[in-house]
Amino acid sequence: MSALELSQLAITPAETDADLEAMIHVRRLVTPEARPTVENLRFNLESKQELIYLVARVGDEPVACAYVEPWTAFAVGDIAVVPEHRRHGVGSALLAEISRRAKEFGKEEIQGEIKESDVESRGFLERRGFAQVGGEKAVVLELEGVEAPDIDPPAGVRIASRVEEPDRLEDMYVVGVQADEDIPGSAGVQTFEQWRAHEIDKPTRRPEFCFLALAGDEVVGYAALQIFGDEAHHGLTATRRDWRRRGVASALKRAEIAAAKRAGFRRLVTESEERNEPMRRLNEKLGFVPAPEYSTLVMKGPVG
């Protein structure tokens with residue numbers, strides 16, 4: 001990209017379906033393993049009033065995309081630039097734009113994730129004052145050669161899907177708050193509305209793949225999958241503090257594996273904060289193996 005072409009760079013909010021398709025085009029070139037959909041992106045915009053999607057074009061060609069939104073003490077954001085258009089100022093222009101919008105939110109820092117293997121993006125951010133504050137280690141379970149496991153919950157606990165227990169959202173949220181608070185490197189606790197949008201209402205969520213652990217009439221844990229074509233991704237596995245280390249999380253994970261196997265999914269993907277040793281050990285015990293292509297670094301830095 002020449003200086004003349006950079007002068008023709010247009011960064012605009014992504015609002016129409018055509019804009020969202022342009023973002024998806026960029027994402028597929030930057031992270032081929034990602035599976036964004038217009039339906040999901042549209043849901044995110046409609047459920048998060050302050051979320052801003054951006055698409056950068058030269059003429060009609062989408063060359064980059066980004067997002068930014070306020071979160072607790074900082075903003076969260078992301079930038080993706082098509083590889084052949086890097087090193088020409090596109091990423092800097094987008095970082096300046098999401099920084100400007102973060103300032104409008106009243107935030108002085110931005111936090112986001114990059115692929116662990118993306119040395120170029122890490123250098124880009126570090127030169128601008130960003131530093132690593134965490135990491136998400138990904139693992140996968142190929143389901144073709146796996147038998148559906150017995151769920152085997154601990155004594156006094158039953159596992160049910162949200163199809164069977166649809167009216168437990170407030171109790172699930174209480175457990176989710178405890179999990180958010182206790183995860184190393186936690187970015188802060190979500191409001192009920194934020195939690196529901198992500199954990200319940202998102203188009204990639206389906207009630208038959210959301211499982212609750214109940215002791216009597218009390219929710220003591222939950223876990224849910226997100227569905228992306230022939231892959232299923234584990235989300236948060238949350239256990240109430242007084243029920244941890246008693247086999248609840250193991251039973252929930254086994255319920256997810258069994259459901260994914262029955263549904264014919266090709267693989268399960270999950271990630272854990274690199275300091276979350278109990279969950280990483282559990283995933284290893286269940287047969288998951290490292291997937292560095294999915295692993296990410298969490299970076300935080302000042303708004304530009």
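This briefing walks through selected helices, side-chain contacts and backbone features of the structure above. The model is predicted.

**Helix H6 and its cover**

- Helix H6 covers residues 169-182, which makes 14 residues.
- From first C-alpha to last, H6 reaches 20 Å, close to the 20 Å expected at 1.5 Å a residue.

**Aromatic pairs**

- The count of aromatic pairs comes to 5.
- One of them joins Tyr-173 and Trp-195, with ring centres 5.8 Å apart and 65° between the planes. The arrangement of Tyr-173 and Trp-195 is edge-to-face.
- This pair links distant parts of the chain, since Tyr-173 sits in helix H6 and Trp-195 in helix H7, 22 residues apart.
- Both Tyr-173 and Trp-195 are buried.
- Ring pairs also tie Tyr-173, Phe-192, Trp-195 and Tyr-222 into a cluster.

**Arg-205**

- Arg-205 lies in strand E8, which runs over residues 205-215.
- Is Arg-205 buried or exposed? Arg-205 is buried, because its relative accessible area is 7%, under the 20% cut-off.
- A polar atom of the Arg-205 side chain lies 2.9 Å from the backbone oxygen of His-198.
- Beyond its neighbours within four places in sequence, Arg-205 is in contact with His-198, Glu-199 and Ile-200, and also with Ala-224, Leu-225, Gln-226 and Gly-235.

- Helix H8 takes in residues 248-263, a run of 16 residues.
- At 1.5 Å a residue, H8 should span 22 Å. Its end C-alpha atoms are 23 Å apart, which agrees.
- Of the 16 residues of H8, 13 are buried, so the helix is largely enclosed by the rest of the structure.

**Charges over rings**

- Arg-246 places its charged end over the ring of Trp-243, 3.8 Å from the ring centre.
- Lys-253 lies over the face of Phe-288, at 5.8 Å from the ring centre.

**Cysteines**

- How many disulfides does the structure hold? The number is 0.
- Cys-65 is buried, because its relative accessible area is 0%.
- Cys-210 also counts as buried, because its relative accessibility is 3%.

**Ser-99 in helix H4**

- Ser-99 lies in helix H4, residues 90-104.
- A relative accessible area of 1% is why Ser-99 counts as buried.
- Ser-99 and Ala-75 are 24 residues apart in sequence, and their C-alpha atoms are 8.9 Å apart in space.
- With neighbours within four places in sequence left aside, Ser-99 is in contact with Ile-110, Val-303 and Gly-304.

- Most residues other than glycine have a negative phi. Two non-glycine residues discussed here, Thr-72 and Arg-87, have positive values.
- Thr-72 has a phi near 40°. It sits in the loop between strand E3 (61-71) and strand E4 (74-81).
- Thr-72 is partly exposed, because its relative accessible area is 38%.
- Arg-87 has a phi near 65°. Its place is the loop between E4 and H4.
- Arg-87 is exposed, because its relative accessible area is 75%, over the 50% cut-off.
- His-85 is found in the loop between E4 and H4 as well.
- At 12% relative accessibility, His-85 counts as buried.
- What joins the side chains of His-85 and Glu-61? A polar contact of 3.1 Å does.

Terms used
Residues are numbered from 1 along each chain as its sequence is written. This is a predicted model: local features need pLDDT of at least 70, side-chain atom pairs count only at pLDDT 80 or more; totals for chains, interfaces and linings use all residues. Side-chain values use heavy atoms; hydrogens and water are left out. Helices (H or I, at least four residues) and strands (E, at least two) are DSSP runs, numbered from the N terminus. Buried means under 20% relative accessible area, exposed over 50%, partly exposed in between (1.4 Å probe, protein chains only). A polar contact is a pair of N or O atoms within 3.5 Å; within protein, one must be able to donate a hydrogen and the other to accept it, and residues adjacent in sequence count only if both atoms are side-chain atoms. Contact means heavy atoms within 4.5 Å. The expected span of a helix is 1.5 Å times one less than its number of residues. Rings of Phe, Tyr and Trp (its six-membered ring) pair if their centres lie within 6.5 Å; planes under 30 degrees apart count as stacked, over 60 as edge-to-face and the rest as tilted. A charge sits over a ring if NZ of Lys or CZ of Arg is within 6 Å of the ring centre and within 35 degrees of the ring normal. A disulfide is a pair of cysteine sulfur atoms within 2.5 Å.
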